[in-house]
Amino acid sequence: MKASTLLLAATLLTVGLGQAQTIKKTVMNDTTALATMGFSRANHVGIVTSNLDASIRFYEALTGKKAAPQDKIGGKRMAGVLGLDKALIRYATIHLDNLNIDLLQYEAPEPSKAQYANNQIGAMHLCFEVDNIDDAVARLCKAGIRLQGDPITFMEEDGLKAGFGTAVAYFDDPDGTHLEIIAPQGPFKRTGN
């Protein structure tokens, strides 16, 4: 069954027939609407930190980019959208070429430390694309950042069907947020903008 047919069926269950016909016409005839409905762009990743100033220093050194803006947000509306009773957050944004990193330090409610391993459901990591894995690893080591394990370059013995030559390494930020660097090849290379 086509995705457009499933969308129409789901729409009929939740809205009236007239609205469904309007939505069907838009979905079937407007390729721009189809392209923008798919969550095809990421804006930012948010990382909760224990010490915003220390995290700013770490990510500025890691990325070579300055944090801007630095601000504070909170109140009843912000707490509500986050599903919290209250919220007061100091934050800074690191603007990368294709994604922003929002560094967040909660002043309220009192934060607690998350503990997770890479294989736990819900665990996430942020991956930085690099041109040369050896140069990037040398830079990390020079900065005192310890890798989780030795870097690897994907080979057939790793079980892949494609992407051989892609190199990766994993490490953590000061709060234990899992990070990765990748020098991508084949299907691991980004397409488009």
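# Close-up views of a predicted model

**Figure 1. A salt bridge joins K65 and D97.** The side chains of K65 and D97 meet in a salt bridge, at 3.4 Å from N to O. K65 sits in the loop between α4 and β2 (67-74). D97 sits in the loop between β3 and β4 (100-108). The pair therefore ties together parts that are 32 residues apart in sequence. K65 counts as partly exposed, at 30% relative accessibility. D97 is exposed, with a relative accessible area of 76%. The model shown here and in the other views is predicted.

**Figure 2. D53 and R90 link a helix to a strand.** D53 forms a salt bridge with R90. Their closest N and O atoms are 3.3 Å apart. D53 belongs to helix α4 (residues 52-63), and R90 belongs to strand β3 (residues 88-95), so the bridge ties together parts 37 residues apart in sequence. D53 is partly exposed, with a relative accessible area of 37%. How many salt bridges does a search of the whole structure find? The search finds 4. Side chains of opposite charge can pair when their charged atoms come close.

**Figure 3. K66 and E60 form a salt bridge.** The side chains of K66 and E60 meet at 3.8 Å, N to O.

**Figure 4. F58 and Y59 make an edge-to-face pair.** A pair of aromatic rings is described by the distance of the centres and the angle of the planes. The count of aromatic pairs comes to 2. In one of them, the rings of F58 and Y59 have centres 5.0 Å apart. Their planes stand at 80 degrees, so the pair is edge-to-face; the cut-off for that class is over 60 degrees. F58 is buried, and Y59 is buried too.

**Figure 5. F154 and F188 make a tilted pair.** The ring centres of F154 and F188 lie 5.5 Å apart. Their planes are at 55 degrees, so the pair is tilted. Where in the chain are the two residues? F154 is in the loop between β6 (152-153) and β7 (167-172). F188 is in the segment after β8 (178-183). The pair links distant parts of the chain, 34 residues apart. F154 is buried, with a relative accessible area of 16%. F188 is partly exposed, with a relative accessible area of 32%.

**Figure 6. Y59 sits in the largest nonpolar core.** This core has 28 residues. Which of them touch the most other members? They are Y59, I101, F128, F171 and I181. Two or more residues each come from α4, β3, β4, β5 (126-129), α6 (133-142), β7 and β8. Helix α4 gives the most, with 5 residues. Leaving out residues up to four places away in sequence, Y59 touches I47, G64, I94, I101, L103, F128, D173, T177 and L179. In soluble globular proteins, nonpolar side chains tend to be buried together.

**Figure 7. V81, L82 and L84 make a nonpolar surface patch.** The patch covers about 240 Å². L82 has its place in helix α5 (residues 76-82). L82 is partly exposed, with a relative accessible area of 35%.

**Figure 8. R77 is an exposed residue of helix α5.** R77 lies in helix α5. At 78% relative accessibility, R77 counts as exposed. R77 and A87 are 10 residues apart along the chain. Their C-alpha atoms are separated by 8.9 Å.

**Figure 9. The whole protein sets the close-ups in context.** The secondary structure comes to 6 helices and 8 strands. From the N terminus on, the elements run α-α-α-β-α-β-α-β-β-β-α-β-β-β. Of the 193 residues in the protein, 30% are buried. The accessible surface comes to about 13,300 Å². Carbon and sulfur atoms hold 53% of that surface. Among contacts with a separation of 6 or more, 54% are between residues 24 or more positions apart.

Note on methods. Residues numbered from 1 in each chain as written. Predicted model: local features only at pLDDT ≥ 70, side-chain atom pairs only at ≥ 80, totals over all residues. Heavy atoms only, no water. Phe/Tyr/Trp six-rings, centres within 6.5 Å; stacked < 30°, edge-to-face > 60°. Buried < 20%, exposed > 50% of the residue type's maximum accessible area, 1.4 Å probe, protein only. Helix = DSSP H or I, 4+ residues; strand = E, 2+ residues; numbered from the N terminus. Patch = residues over 30% accessible without salt bridge, like charges linked within 9 Å, V, L, I, M, F, W, Y side chains within 5 Å. Areas by Shrake-Rupley, 256 points an atom, 1.4 Å probe, with all protein chains shown as cover. Core = buried A, V, L, I, M, F, W, Y, C linked by side-chain atoms within 4.5 Å. Contact = heavy atoms within 4.5 Å.
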